[in-house]
Amino acid sequence: MSDEFYLSLAIDKAWNYQLLTYPNPAVGAVILDENGKILSICAHQKAGEAHAELNATKEVLVAKDYRLKSLFDTTKDPNELYSLIIQNHQNLLKNSTYYVTLEPCAHQGKTPACANLLLAVGAKRVVIGSRDFGEHAKGGAKLLSDNGLEVVYGVCAKECDELLEPFLRWQSGNFTFFKIALTQNAVATGGVISNLASRTHTHQIRSLVDLMVVGGNTVRTDRPILDARLASDKSPNILIYSSKDKFDSQIPLFNVPNREVYISNSLEFAFKQRFVMVEGGENFLKNLDFRIDWILIYRSNEFKIGSSLSLNLKLKIIHRTTLDDGELLWCKRVNLG
């Protein structure tokens with residue numbers, strides 16, 4: 001198989017955790033043994049926890065020596081796990097090849113340097129999708145090359161750069177995206193649309209965003225709570241986008257503890273936050289601010305009686321993620337101008 005094939009597996013894995021790793025990028029890794037057999041396909045899952053390369057390395061070692069599982073499971077701290085792996089890798093990854101969507105980091109931060117991990121376990125080759133130009137993390141590829149590893153750059157670079165784009169945007173100051181749930185026939189109204197896995201995924205993202213934006217009509221009509229209960233995590237602060245500033249204080253979203261609720265007829269406050277989720281329906285989507293070009297569509301497996309969306313909009317589907325019997329479409333608006 002080609003390098004593109006193996007790196008595409010890492011890309012697909014990383015998309016499962018896109019946005020859930022905030023404020024870290026979503027990264028995937030695949031490891032092959034010296035004979036070209038796939039040993040592991042893993043991703044970074046949550047900020048502060050193990051990076052993709054460390055997760056993949058752990059998975060390989062446990063598969064080769066199951067006695068290591070109980071040892072590695074004693075900690076979730078990535079630095080402790082790194083130390084345990086360095087002490088117990090038994091050269092089981094000697095001459096292996098790592099495929100990574102993002103250049104392995106070269107610095108010690110909250111997590112250890114992945115480039116040093118590859119050196120320690122005796123990897124022979126690393127194939128990289130996107131280069132890391134971050135001031136603190138860059139330099140991993142050079143470190144590996146200087147120490148004798150074969151380093152291949154730019155495989156599936158376009159796809160890896162698309163995977164990395166949300167991270168680069170919030171790193172630059174703001175990443176705002178629009179979310180909508182649709183049936184197969186594009187109905188967005190009339191009660192619950194998406195399945196439990198999709199709603200849980202939405203709640204996981206809500207728990208991480210700095211701000212959630214919702215239209216005033218939605219608040220008045222649906223009287224939502226807009227919390228993150230399915231993720232058992234903190235609920236987002238809310239901006240109600242409305243020309244009217246009077247709302248029934250008994251609407252559930254106003255009574256969620258430890259939450260700020262803002263009301264404004266402008267989105268400028270939202271664009272001053274770093275990570276923003278806009279939830280809405282057809283009217284909001286029709287009048288969507290031009291600065292919001294990423295659109296997340298949770299699509300159910302059902303058809304439903306109701307009015308389908310009616311608007312002119314062209315999207316490029318960047319990736320499809322399966323969520324039980326539904327799917328999440330990661331899309332970008334296509335500029336027709």
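An open sheet of eight strands is arranged in the order β9-β8-β7-β10-β6-β11-β13-β12, with mixed pairing; strands are DSSP runs of E with at least two residues, helices are runs of H or I with at least four residues, and both are numbered from the N terminus. Two strands are taken to pair if DSSP finds at least two bridges between them. At the edges of this sheet lie β9 (261-264) and β12, each of which pairs on one side only. Direction ignored, neighbouring strands of the sheet are turned against each other by 25° on average. Angles here run from 0 to 180 degrees between N-to-C directions, and axes are lines fitted to C-alpha atoms, for helices over the stretch in contact.

The model is predicted: local features need pLDDT of at least 70, side-chain atom pairs count only at pLDDT 80 or more, and totals for chains, interfaces and linings use all residues. Residues are numbered from 1 along each chain as its sequence is written, and side-chain values use heavy atoms, with hydrogens and water left out.

I180 has I297 of β11 as its bridge partner. Helix α7 packs on this sheet and touches β6, β10 (275-279), β11, β12 and β13, its direction making about 110° with that of β11; contact means heavy atoms within 4.5 Å. Helix α8 (residues 196-206) also packs on the sheet, where β6, β7 (211-215), β10, β11, β12 and β13 are touched, and the direction of α8 makes about 140° with that of β10.

Strand β13 has pairing partners in β11 and β12. Strand β11 (residues 294-299) runs antiparallel to β13 and is joined to β13 by six bridges, with R299 standing opposite E327 of β13. The pairing of strand β12 (residues 315-323) with β13 is likewise antiparallel and extends over eight bridges. K316 has K332 in β13 as its bridge partner. Two residues lie between the strands in the hairpin of β12 and β13, where D324 takes a positive phi near 55°. Strand β13 (residues 326-333) is largely enclosed by the rest of the structure, because seven of its eight residues are buried, buried meaning under 20% relative accessible area, exposed over 50% and partly exposed in between (1.4 Å probe, protein chains only).

A further open sheet, of five strands with mixed pairing, has the order β2-β1-β3-β4-β5. Its edge strands, β2 (38-43) and β5, each pair on one side only. The twist from one strand to the next averages 15°. Strand β3 (residues 97-102) and strand β4 (residues 125-130) run parallel and are joined by five bridges; V100 stands opposite I128 in β4. Helix α1 packs on this sheet, touching β1 (28-32), β2, β3 and β4, and its direction makes about 50° with that of β3. Helix α2 packs on the sheet through β1, β2 and β3, at about 140° between its direction and that of β2.

V151 is buried, with a relative accessible area of 17%. Residues up to four places away in sequence not being counted, V151 touches V126, I128, A141, L144 and S145. The C-alpha atoms of V151 and K124 are 8.9 Å apart in space, while the two residues are 27 apart in sequence.

Two packed helices are described by the angle between their axes and the distance between the axes. Helix α1 (residues 3-15) packs against helix α7 (residues 157-172) at an angle of about 15°, with the axes 10 Å apart. The two helices are therefore roughly parallel, where angles under 35 degrees count as roughly parallel, over 145 as roughly antiparallel, 65 to 115 as roughly perpendicular and the rest as oblique. The crossing of α1 and α7 is left-handed, a term used if the near helix is turned anticlockwise from the far one by less than a right angle (right-handed if clockwise). L7, I11, A14 and W15 of α1 and E159, C160, E162 and L163 of α7 make the contact.

The axes of helix α2 (residues 52-64) and helix α4 (residues 78-88) come within 11 Å and cross at roughly 45°; α2 and α4 are therefore oblique to each other. Their crossing is left-handed. On the α2 side the contact is made by L54, T57, K58 and L61, and on the α4 side by P78, L81, Y82 and I85.
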